[in-house]
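Open the model in a viewer and keep the selection panel at hand.

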Amino acid sequence: MFGLFVDTGCATDVKDIDKLNYASTIGVDYKDGKYHGYIQFNDFQTVAKTNDTQRSPAKIWVGEGIGDSFEESLFDLYRSAQERIYWGHVTAIVISEAAFKQGIRNIYDSFVRYYEFRLTPWVYGTRGSVKDILSTGGFFGQSPLSTILHEPTGNYSQTSYIKPIKLHKLIGQMNENGFTSCIPTLAVNKKNWTVQQNKEPKLMIDGAIFLKNEVYKSFIPLEGLTGLRWIQSGTVRAGVSVPDKTEPAVQIVVDNPKTKVKMVKIDDRPQFNIDMNATGYVVSRTNNNLLGIQQLTQKSTERIEKEIRKSFMEGLKRNTDIYNLEHELFRYHYQEWKSISQVEGTLLNENEIRNVHIDLNIKHTSNGKNSTIHKSN
């Protein structure tokens, strides 16, 4: 598969930088029995003019090729490429759900073999149009380089739901026994933003696709994954409505939750206890319920536990181990894992999560004074 990126001429020829087309995103789709490969180019001249107030909106070029394989779809694009395509600036890969179901190895194998391609792009899935994802720009006429497609960490640090993942990390996970990989999915939001009363489409995370050992397992929408942020490592900031989302009295923000999962053996079957430690604070209040700090803490921990258990059940419905409990078993209790993993589906069951203990320290109301929270009930 080395030939995917190779064009005519010597690969070591020195080219003028203005004689190259710089790919920033690769997209992959599968429909009607064919692979559809996409390449996104950005107008770097517009991107560079950061101080030009008369700057015109950045242009985005999206090419689409079709072939019996992913490589053939890109070779189809080569025929109309006006200059040599340089792959060293690719920072994102978008793969459709249909392409994931065909097998991701058919896609990434070509990347790892070509010297010009780095293994650091962000990887996303999508259930929508790959072309629409690649055609959506940022605010203020900026290119997609200023969106969550290429820079997801800023958005994730403010509201942590689905942790972004890079290609090299994903490849490593897929080679781990019992590991279920979580890949955030992108969609185009056409409702939230307007410019001069005109709808302005913007990218958003709408859920996640899960793979186990390269095999597609399921898609779970974002509303079914609210518990994942409390379990996955690296969560920066997460908001929770207390006592519930429909009638919230208080909005709590939790910073940097730390969670440990421990196996316990009950009736010769492994079950898991979850221990979470975190600090929170109040960011808004809609009524004077839950004024006591102990009551507020109790209701907050109950809400978080409910989210953890609900998301686990969402995965269970789809035979998907979203919390990677099987991998936990493999790493620290290998003999238990070996005996259970022989039969597919024997690990996941509704009683697998036993106890959830949450140590939440609600410190303040984010403005330095806690005038609306009493120290006792």
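Is D68 buried, partly exposed or exposed? D68 counts as partly exposed, because its relative accessibility is 47% (buried means under 20% relative accessible area, exposed over 50%, partly exposed in between, with a 1.4 Å probe and protein chains only).

Before going on, note that this is a predicted model, in which local features need pLDDT of at least 70, side-chain atom pairs count only at pLDDT 80 or more, and totals for chains, interfaces and linings use all residues. Residues are numbered from 1 along each chain as its sequence is written, and side-chain values use heavy atoms, with hydrogens and water left out.

**Salt bridges**

K34 lies in strand β2 and D68 in the loop between β3 and α2, 34 residues apart (helices, H or I, at least four residues, and strands, E, at least two, are DSSP runs numbered from the N terminus). K34 is partly exposed, at 33% relative accessibility.

Next, select R127 and E97, whose side chains meet in a salt bridge at 3.0 Å, N to O. R127 sits in the loop between β6 and α5, and E97 in helix α3. R127 is exposed at 51%, whereas E97 is buried at 12%.

Move to E214 and R105, another salt bridge, at 2.7 Å from N to O. This pair spans 109 residues, from the loop between β10 and β11 to helix α4. E214 is buried, with a relative accessible area of 16%; R105 is partly exposed, at 39%.

Then select R229, R303 and E307, which are linked in a network of salt bridges. The structure holds 16 salt bridges.

**Pockets**

Select Q173, F179, Q232, S233 and N324, which lie nearest the centre of the largest pocket among its 32 lining residues (on a 1 Å grid over the protein atoms alone, a pocket is an open set of points where a 1.4 Å probe fits, with protein on both sides within 12 Å along at least five of seven lines; lining residues have an atom within 4 Å of a point). Its volume is about 950 Å³.

For the second largest pocket, of about 650 Å³, select I148, N155, L203, M204 and I205, the residues nearest its centre. Strand β10 gives the largest share of this lining, four residues.

Technical notes
Grid points are joined across faces, edges and corners, and a volume is the space filled by probe spheres set on the points. A salt bridge is a side-chain nitrogen of Lys or Arg within 4 Å of a carboxyl oxygen of Asp or Glu.
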